[in-house]
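Got your viewer open and your selection tool ready? Let's walk through this model together, one stop at a time.

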Amino acid sequence: MPHKLDFIGFGGVGRGLAEILLERGDWLKETFGSDFLVVSVSDLYKGSLHHPDGLDMQKVLDCLKKDGTVENYPDTQGLVRGWDSIETITQSNADTVIEITFTNVETGQPAIDHCKTSFKAGKNAVLTNKGPVALAYKELQALAQENGVRFLFEGTVMSGTPALRMPLTSLSGNRITSIKGIMNGTTNYMLTQMEQGMEYSEALKEAQSRGYAEADPTSDVEGYDVLYKVVILANVVMGADLKKEDVERQGITSLSAEDMQQAKKENKHWKLIGRVENDNGTIKGSVKPELLSEDDALANVGGAVNAVTYECDLSGPITLMGAGAGVPETGFALLIDLINMDRNTI
Ligand SMILES: NC(=O)C1=CN([C@@H]2O[C@H](COP(=O)(O)OP(=O)(O)OC[C@H]3O[C@@H](n4cnc5c(N)ncnc54)[C@H](OP(=O)(O)O)[C@@H]3O)[C@@H](O)[C@H]2O)C=CC1
Ligand SMILES: N[C@@H](CC=O)C(=O)O
């Protein structure tokens with residue numbers, strides 16, 4: 001039986017996963033026994049399609065490329081058009097909802113409701129949307145468990161780089177006492193370009209065109225995106241109950257290309273650093289630009305690459321480095337959750 005998927009939201013990340021499934025669907029079936037079938041795509045402005053026997057995703061992508069919407073997807077018997085996100089989740093025959101709408105840094109909505117509706121309908125939810133995990137992790141995890149379904153979200157921190165699964169699996173048995181890292185691809189890309197002389201606004205435009213930035217890039221440059229990742233790491237990896245209001249936050253908007261170049265002359269680099277620290281039993285989080293000297297492991301992490309160090313009491317510090325954002329990379333994060341779901345592993 002195929003593993004049937006609803007795509008709720010269909011922007012860059014949705015396209016990333018769709019392209020991966022088209023390119024290596026047969027291989028995934030042969031290698032892992034995972035047979036993924038997209039039965040719905042529901043996007044606010046691009047439109048909505050559902051077919052219980054599956055959509056032709058090449059045709060969906062072709063329509064989007066040509067028209068920017070799925071309106072001209074060919075009619076076939078059984079095709080349903082126009083369902084909104086909630087109708088799709090409640091009425092489709094999918095097993096799993098892929099929640100890839102924008103991250104709302106104020107309320108986490110409508111994604112929190114998308115997750116709740118999925119669980120109550122007996123569907124798993126896999127997301128890269130940080131809102132539900134940062135604001136309602138415990139409640140959603142409990143609801144998923146109550147309904148016997150899975151809640152997976154590897155791509156919420158560092159896209160396809162396993163910043164959550166690695167500490168939760170390979171580092172287990174350690175006490176992780178602190179986490180520190182560069183956790184935003186957009187700003188790290190911008191700071192790297194600004195070090196080379198590019199102006200702030202040009203660097204932001206490039207990061208947006210490469211698919212790294214949030215729908216509203218204020219979230220990236222003002223540090224909200226990293227704040228959410230800090231809360232997720234604290235609560236999911238360190239078992240804390242950190243709230244977004246508890247986290248000190250400062251973004252990169254006060255840094256200019258001149259600041260970056262001046263620092264470089266002194267063999268230093270400005271980086272936007274997220275931290276989670278255990279301060280005598282109280283877990284604290286912060287986000288702010290820090291001036292790192294060359295001997296710091298994070299100083300030369302450039303472009304959209306991110307890196308995070310987990311301070312572990314048994315294994316010592318372990319640093320993970322890889323893509324922090326990007327279309328295929330984040331599509332892959334969804335894929336790895338889906339494969340682990342099929343294997344019944346975390
Ligand atoms: N891009 C990246 O590198 C990474 C992104 N993420 C997260 O993944 C998620 C998706 O990112 P990305 O694809 O880049 O973002 P995009 O902004 O490209 O896509 C989000 C899509 O969701 C749609 N949408 C918004 N609200 C609704 C709704 N209520 N119902 C249906 N569709 C809706 C938007 O519609 P429209 O535009 O048509 O209005 C848009 O097409 C975000 O939450 C982001 O934070 C996480 C890690 C990395
Ligand atoms: N906008 C984010 C995307 C991933 O979470 C970033 O730039 O890191």
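Select strand 8 (residues 176–182) and strand 12 (residues 305–312): they pair in the antiparallel sense over 6 bridges. Helices (H or I, at least four residues) and strands (E, at least two) are DSSP runs, numbered from the N terminus, and two strands pair if DSSP finds at least two bridges between them. At Ile 182, look across to Ala 307 in strand 12, which stands opposite.

A word before moving on: this is a predicted model, in which local features need pLDDT of at least 70 and side-chain atom pairs count only at pLDDT 80 or more, while totals for chains, interfaces and linings use all residues. Residues are numbered from 1 along each chain as its sequence is written, and chains are lettered from A and ligands numbered from 1 in the order in which they are written.

Now widen the selection to the open sheet of 6 strands, whose order is 9-11-10-8-12-13, with mixed pairing. At its edges are strand 9 (248–249) and strand 13 (318–323), each of which pairs on one side only. Strands of a sheet pair through backbone hydrogen bonds, either parallel or antiparallel.

Both senses can be found here. Strand 9 and strand 11 pair in the parallel sense over 2 bridges, and Glu 248 stands opposite Ser 286 in strand 11. Strand 10 and strand 11, in contrast, pair in the antiparallel sense over 12 bridges, with Asn 278 opposite Ile 283 in strand 11. Follow the chain from strand 10 to strand 11 and you trace a hairpin with 2 residues between the strands; Asn 280 in the turn has a positive phi of about 50°.

**Helices lying across the sheet**

Next, pick helix 11 (residues 257–265), which lies across strand 10 and strand 11 (282–293) and runs at about 90° to strand 10.

Select Lys 229, where UniProt (unreviewed entry) places the annotation "active site". UniProt positions are given in the numbering used here, feature names are shortened, and annotations may be inferred rather than shown by experiment. Lys 229 is in helix 10 (residues 224–237). Is Lys 229 buried or exposed? Lys 229 counts as buried, because 29 C-beta neighbours lie inside 10 Å. A residue is buried if 20 or more other C-beta atoms lie within 10 Å of its own, exposed if 12 or fewer, and partly exposed in between, with C-beta atoms placed from the backbone.

Leaving aside neighbours within four places in sequence, Lys 229 is in contact (C-beta atoms, placed from the backbone, within 7 Å) with Lys 130, Val 157, Met 183 and Gly 274.

Hop over to Lys 130, which carries the UniProt feature "binding site" (unreviewed entry). Lys 130 is found in helix 5 (residues 130–146) and counts as buried, with 26 C-beta neighbours inside 10 Å. Not counting residues up to four places away in sequence, Lys 130 touches Thr 103, Thr 156, Tyr 228, Lys 229 and Ile 232.

**The annotated domain**

Color residues 163–339, which UniProt (unreviewed entry) marks as "domain: Homoserine dehydrogenase catalytic". Over this stretch the chain is 37% helix and 27% strand, and the end C-alpha atoms are 17 Å apart.

**Strand 3 and its partners**

Move to strand 3 (residues 47–50), covered on both faces: Gly 47 and Leu 49 on one side and Ser 48 and His 50 on the other are all buried. Strand 2 (residues 36–43) runs antiparallel to strand 3, joined by 4 bridges, and a hairpin links the two through 3 residues. Ser 42 has Ser 48 as its bridge partner in strand 3. Strand 3 also pairs with strand 4 (residues 80–81) in the antiparallel sense over 2 bridges, where Leu 49 stands opposite Arg 81.

**Last stop: two packed helices**

Finish with helix 1 (residues 12–32) and helix 2 (residues 57–67), which pack at an angle of about 140°, with their axes 10 Å apart. The contact is made by Arg 15, Ala 18, Leu 21 and Leu 22 of helix 1 and Met 57, Gln 58 and Leu 61 of helix 2.

Key
Two residues are in contact if their C-beta atoms, placed from the backbone, lie within 7 Å. Axes are lines fitted to C-alpha atoms, for helices over the stretch in contact, and angles run from 0 to 180 degrees between N-to-C directions.
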